[in-house]
Amino acid sequence: MSEAEIIKKLQQGNEKAFKEMVEDYQKMVVNTCFGMVHNIEDAEDIAQEVFIEVFRSINKFRADSKLSTWLYRMAINRSLNFIRDNKRNKWFQSFEDSVQSKNALHEKLHSKNTDHPEFELENKQRATLLHQAIDSLSENQKVAFTLSKYEELSYQEISGVMELSVSSIESLLHRAKKNLQKKLYVCYKKKCI
Amino acid sequence: MLQKKVHLSASLNYKKCLIQIQINMKCKILHNKLIFFLEGELPEKEMEFVKMHLSECSTCAAFAEEMQKTLGILEAERSPAVNPFFFTRLKAKIENQESEKASVFWRPAFVRVLQPAIFSVLLVLGIYAGVKIGQPTPQVEISVNTAEADIVSFLNEMDSETIEGFLME
């Protein structure tokens, strides 16, 4: 089914069309959310909320943008809300939850070298380091970087999602990369890994 | 002869210093451009400059390798495994939400009318109880007078019994 057909059938409440849409866009939405929150369980929860929102408000969808653009926007907004709420609740999060979520993240990283635990540990440390560096970026820089690196969107596509000009996106990505490099260099000097 | 040797070593040291300063400057320039070099986003001339410096400077080469490995994590994370139960869970979630909405159809009336009424009654009761507890009771004064009278009779023991009578016991 084409996108227009899917939207039409969704507006009619067709479950088959909804299932097809979820299958087509599940990977994209989960990947985007994962790029923002760095936890696969949270990313899937947020992705489910996105699809529930689509299910409830498909009639409000104006066809002036693509369905994928709309999904990206919702995924980004919900991820940002999740991060803000998480920051507030961080003091109440038990240590076990924090370690468990980090371990779940580390398991996600597929390592071929299962015979080399040092390699796996190094990989885990690099992942943590990278995520902390990405999390330290400003919101807009983080969103632009996530869409560029995790979803490999072009500047044009990112500008459509973020509703900014292409030159603003270029500037955001340039600054994001520079800031990321600074963070990684500081860590390299301190021998974090 | 000695003067010549000293002069030569001084000029060699000076040259080494200059070379080190040049290398440090190049390192600083590279640190600003490395991530763009790794992404292949630099103009050709700058790419050549970075390549040349990386071949000369082991420190920068090591940092470049570290950075490449770290950024390589993005490749690994890019395609998460598709959860086969995602749609099943999603459908269950939607059905749960809809059944919750249907079963508590009376909830809006309760929320809008009864809840504020109950809270108002509780508030009034609470204020009344507080006022009642805070009111002073007159009985306390009578008992104080009685207590005082008892104490005064002990203090004025001398009136009821003379000292001689007390000592004779």
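Select A:Cys33 to begin: in this predicted model the residue has a relative accessibility of 0% and therefore counts as buried. Then move to chain B and show the sulfur atoms of B:Cys57 and B:Cys60, where the sulfur of B:Cys57 has its closest cysteine sulfur, at 3.6 Å. B:Cys57 is itself buried, with a relative accessible area of 9%, and a search of the whole structure, over all chains, finds zero disulfides.

Next, colour the two chains separately and select the residues of each that touch the other, which gives 35 residues from chain B and 41 residues from chain A. The area buried between chain B and chain A is about 3900 Å², and carbon and sulfur atoms give 62% of this. On the chain B side, pick out B:Glu77, B:Arg78 and B:Phe86, which together supply 19% of the area that chain B buries against chain A, more than any other three residues.

Stay with the interface and turn to its polar pairs: between chain B and chain A there are 21 residue pairs in polar contact, with both residues at pLDDT 80 or more. Show chain B as a cartoon here, and the elements that give two or more residues to the side touching chain A are α1 (2-39), α3 (58-77) and α4 (86-103) of chain B. Of these, α3(B) gives the most, with 12 residues. If you colour this side of chain B by residue class, you will find 16 nonpolar, seven polar and 12 charged residues.

Now select A:Gln26, in helix α2 (residues 15-37) of chain A. This residue is buried, with a relative accessible area of 9%. Once its neighbours within four places in sequence are set aside, A:Gln26 is in contact with A:Phe51 and, in chain B, with B:Val82, B:Asn83 and B:Phe86. If you also mark A:Glu49, which is 23 residues from A:Gln26 along the chain, the C-alpha atoms of the two are separated by 12 Å.

The last stops are charged pairs. Side chains of opposite charge can pair when their charged atoms come close. The structure holds 17 salt bridges over all chains, and nine are found across the interface of chain B and chain A.

Select A:Arg56 and B:Glu98, whose side chains meet in a salt bridge with an N to O distance of 3.9 Å. A:Arg56 lies in helix α3 (residues 40-57) of chain A and B:Glu98 in helix α4 of chain B, so this pair joins two chains. A:Arg56 is partly exposed at 35% relative accessibility, and B:Glu98 is also partly exposed, at 39%.

Within chain A, go to A:Asp135 and A:Lys142, which form a salt bridge whose closest N and O atoms are 2.8 Å apart. Here A:Asp135 counts as partly exposed at 39% relative accessibility, whereas A:Lys142 counts as buried at 6%.

Finish with B:Glu39 and A:Lys149, a salt bridge in which the closest N and O atoms are 2.3 Å apart. The pair crosses between chains, from helix α1 of chain B, which holds B:Glu39, to helix α7 (residues 139-149) of chain A, which holds A:Lys149. B:Glu39 is partly exposed, with a relative accessible area of 28%, while A:Lys149 counts as buried at 14%.

Conventions
Residues numbered from 1 in each chain as written. Chains lettered and ligands numbered in written order. Predicted model: local features only at pLDDT ≥ 70, side-chain atom pairs only at ≥ 80, totals over all residues. Heavy atoms only, no water. Disulfide = S-S within 2.5 Å. Buried < 20%, exposed > 50% of the residue type's maximum accessible area, 1.4 Å probe, protein only. Contact = heavy atoms within 4.5 Å. Buried area = accessible area lost by both parts, 1.4 Å probe. Salt bridge = Lys/Arg side-chain N within 4 Å of Asp/Glu carboxyl O. Polar contact = N/O pair within 3.5 Å; in protein donor to acceptor, adjacent residues only side chain to side chain. Helix = DSSP H or I, 4+ residues; strand = E, 2+ residues; numbered from the N terminus. Nonpolar A, V, L, I, M, F, W, Y, C, P; charged D, E, K, R; others polar.
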